[in-house]
Amino acid sequence: MSARIVAPGLSQRWLDQHGYVAGLLDEWPPERVQETLDAVLQLWNVLDLTTAIQWRWNPRLRTTAGREIFLDMMVEMNPLLLARHPDEVEGLLVHEAAHLVVQRLHGRQPPHGDYWKAYMRKAGQSTRATHELDVRGLRRKRKPTRRRRRGSAVQRLLRKVLQG
């Protein structure tokens, strides 16, 4: 039995475990996200990309607000972080869409280069490349790394015997 999808990328089961994200989804339902995306693509005169560019929430993102995946023409957004900062969703959508448009129309370019900045300015958005949002509690705890042993068991035994 598969979980019911309540928004692109999110299941009802996941949402039940992260109830505080519901406010974000109320403020940013799929229709509003798509309308925002379509509006900026219209502003940039690339309406042919409205059906090409997809979006979804990605609950696996931790401190990254969002990302674009060019091969899939996909914008992914972090629901955990953006639930804390719903006013950042529009800027993030525009930011990631600009990456997709630049790469589609102009080929490989510096990620936050002149073409990207021009699209951001045309949309009235900041050309800042990173966020300064509060990410406390969102980082994954890393498992301690194991020290690598030097050499095989035979080599270690031989070294021990030779050292006395």
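Leaving out neighbours within four places in sequence, Glu76 is in contact with Arg56, Asn58, Leu61, Ala65, Gly66, Arg67 and Ile69, where contact means heavy atoms within 4.5 Å. This is a predicted model, in which local features need pLDDT of at least 70, side-chain atom pairs count only at pLDDT 80 or more, and totals for chains, interfaces and linings use all residues. Residues are numbered from 1 along each chain as its sequence is written, and side-chain values use heavy atoms, with hydrogens and water left out.

Let's stay with Glu76 for a moment. Glu76 sits in strand β5, residues 74–77; helices (H or I, at least four residues) and strands (E, at least two) are DSSP runs, numbered from the N terminus. With 1% relative accessibility, Glu76 counts as buried (buried is under 20% relative accessible area, exposed over 50%, and partly exposed in between, using a 1.4 Å probe and protein chains only). The side chain of Glu76 makes polar contacts with those of Arg56 and Asn58. A polar contact is a pair of N or O atoms within 3.5 Å; within protein, one must be able to donate a hydrogen and the other to accept it, and residues adjacent in sequence count only if both atoms are side-chain atoms.

| Residue pair | Distance |
|---|---|
| Glu76 and Arg56 | 2.5 Å |
| Glu76 and Asn58 | 2.8 Å |
| His99 and His112 | 3.3 Å |

His99 belongs to helix α5 and, at 11% relative accessibility, counts as buried. Beyond four places in sequence, His99 touches Glu68, Pro111, His112 and Trp116.

Now for the helix pair. Helix α5 (residues 89–106) packs against helix α6 (residues 114–122) at an angle of about 135°, with axes 9 Å apart. On the α5 side, the contact includes Gly91, Val94 and His99, and on the α6 side Tyr115, Trp116, Tyr119 and Met120. The residues of this contact divide into nine nonpolar, four polar and no charged (Ala, Val, Leu, Ile, Met, Phe, Trp, Tyr, Cys and Pro count as nonpolar, Asp, Glu, Lys and Arg as charged, and the others, Gly among them, as polar).

Two backbone spots are worth a look. Asn45 is not a glycine, but has a positive phi of about 60°; at 66% relative accessibility, Asn45 counts as exposed. Met73, also not a glycine, has a positive phi of about 50°, and at 7% relative accessibility Met73 counts as buried.

Terms used:
Axes are lines fitted to C-alpha atoms, for helices over the stretch in contact, and angles run from 0 to 180 degrees between N-to-C directions.
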